[in-house]
Amino acid sequence: MLKKLLAGLHWAEDMLLAGLLGGLVLLALLQIGLRMFFETGLAWAEPVSQMGVLWLALMGAIGAARSHRHIAIDAFPRLLPPLGRRIAWFLSHLATALVCGLLAWYGWGMV
């Protein structure tokens, strides 16, 4: 049951990512066409595109981390025995969670 729910959430994330990318491409093409043929553009298109690219990067990072394709430096853990690798993995994920928690805490204060 839980695996099916997670698979559905992963599918929804992937579709959201694909839709966002497609929407940004269409918005850019629309903006190019309007400026080329009508010498005008949409005033809101540039800020929406900028925010869309930021969200695209964040959603892409979620997908990369989910499938273990995120950028990682693994030279040091390869030198460790299996138990040392697990401890290093745990400590790095704990540090990442702490940094993300702090960023969320202080980010919420800015909202």
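The legends below describe close-up views of a predicted model of a protein chain.

**View 1. Confidence along the chain.**
The mean pLDDT of the protein chain is 90. Residues that reach 70 or more make up 100% of the chain. Helix 1 has the highest confidence, at a mean of 94. The lowest confidence falls in helix 3, residues 75-79, where the mean is 84.

**View 2. Helix 1 from end to end.**
Helix 1 covers residues 2-37, which makes 36 residues. From its first C-alpha to its last, helix 1 reaches 52 Å. This is close to the 52 Å expected at 1.5 Å a residue. After helix 1 comes glutamate 39, with a positive phi near 55°.

**View 3. The buried residues of helix 1.**
Leu24, Leu27, Gln31 and Leu34 are buried in helix 1. The partner of these buried residues is helix 2 (45-66), against which they pack. An α-helix has 3.6 residues a turn, so residues three or four places apart point the same way.

Glutamine 31 belongs to helix 1. Is glutamine 31 buried or exposed? Glutamine 31 counts as buried because its relative accessibility is 11%, and the cut-off for buried is under 20%. With residues up to four places away in sequence left out, glutamine 31 touches Gly41, Leu42 and Ala45.

**View 4. A nonpolar patch on the surface.**
Eight labels mark this view: Leu21, Val25, Leu26, Leu29, Ile32, Met36, Phe37 and Phe38 form a nonpolar patch on the surface. Together these residues have about 900 Å² of accessible area. One of them, leucine 21, has its place in helix 1.

**View 5. Glutamate 39 in the loop.**
Glutamate 39 sits in the loop between helix 1 and helix 2. Although glutamate 39 is not a glycine, its phi is positive, at about 55°. Why does glutamate 39 count as exposed? Its relative accessible area is 76%, and exposed means over 50%.

**View 6. The salt bridge of glutamate 13 and arginine 66.**
How many salt bridges does the structure hold? There are two salt bridges in the structure. In one of them, the side chains of glutamate 13 and arginine 66 meet at 2.4 Å, N to O. This pair links distant parts of the chain, with glutamate 13 in helix 1 and arginine 66 in helix 2, 53 residues apart. Glutamate 13 is partly exposed, at 26% relative accessibility. Arginine 66 is also partly exposed, at 26% relative accessibility. Side chains of opposite charge can pair when their charged atoms come close.

Aspartate 14 and arginine 66 meet through their side chains in a salt bridge of 2.7 Å, N to O. Here too the pair links distant parts of the chain: aspartate 14 is in helix 1 and arginine 66 in helix 2, 52 residues apart. Aspartate 14 is partly exposed, with a relative accessible area of 34%.

**View 7. Arginine 85 in helix 4.**
Arginine 85 has its place in helix 4. Which residues does arginine 85 touch, not counting residues up to four places away in sequence? The contacts of arginine 85 are with Pro77, Arg78 and Leu80. Arginine 85 is partly exposed, with a relative accessible area of 41%. From C-alpha to C-alpha, arginine 85 and isoleucine 73 are 13 Å apart in space, and they are 12 residues apart in sequence.

**View 8. Leucine 103 in helix 4.**
Helix 4 spans residues 82-110, and leucine 103 lies in it. Leucine 103 counts as exposed because its relative accessibility is 59%, and the cut-off for exposed is over 50%. The C-alpha atoms of leucine 103 and alanine 12 are separated by 25 Å. Along the chain, leucine 103 and alanine 12 are 91 residues apart.

Terms used: Residues are numbered from 1 along each chain as its sequence is written. This is a predicted model: local features need pLDDT of at least 70, side-chain atom pairs count only at pLDDT 80 or more; totals for chains, interfaces and linings use all residues. Side-chain values use heavy atoms; hydrogens and water are left out. Helices (H or I, at least four residues) and strands (E, at least two) are DSSP runs, numbered from the N terminus. The expected span of a helix is 1.5 Å times one less than its number of residues. Buried means under 20% relative accessible area, exposed over 50%, partly exposed in between (1.4 Å probe, protein chains only). Contact means heavy atoms within 4.5 Å. Patches are made of residues with over 30% relative accessible area and no salt bridge: like charges are joined within 9 Å, nonpolar side chains (Val, Leu, Ile, Met, Phe, Trp, Tyr) within 5 Å. Accessible areas come from the Shrake-Rupley method with a 1.4 Å probe; for residues, only the protein chains shown count as cover. A salt bridge is a side-chain nitrogen of Lys or Arg within 4 Å of a carboxyl oxygen of Asp or Glu. pLDDT is the predictor's confidence in each residue, from 0 to 100.
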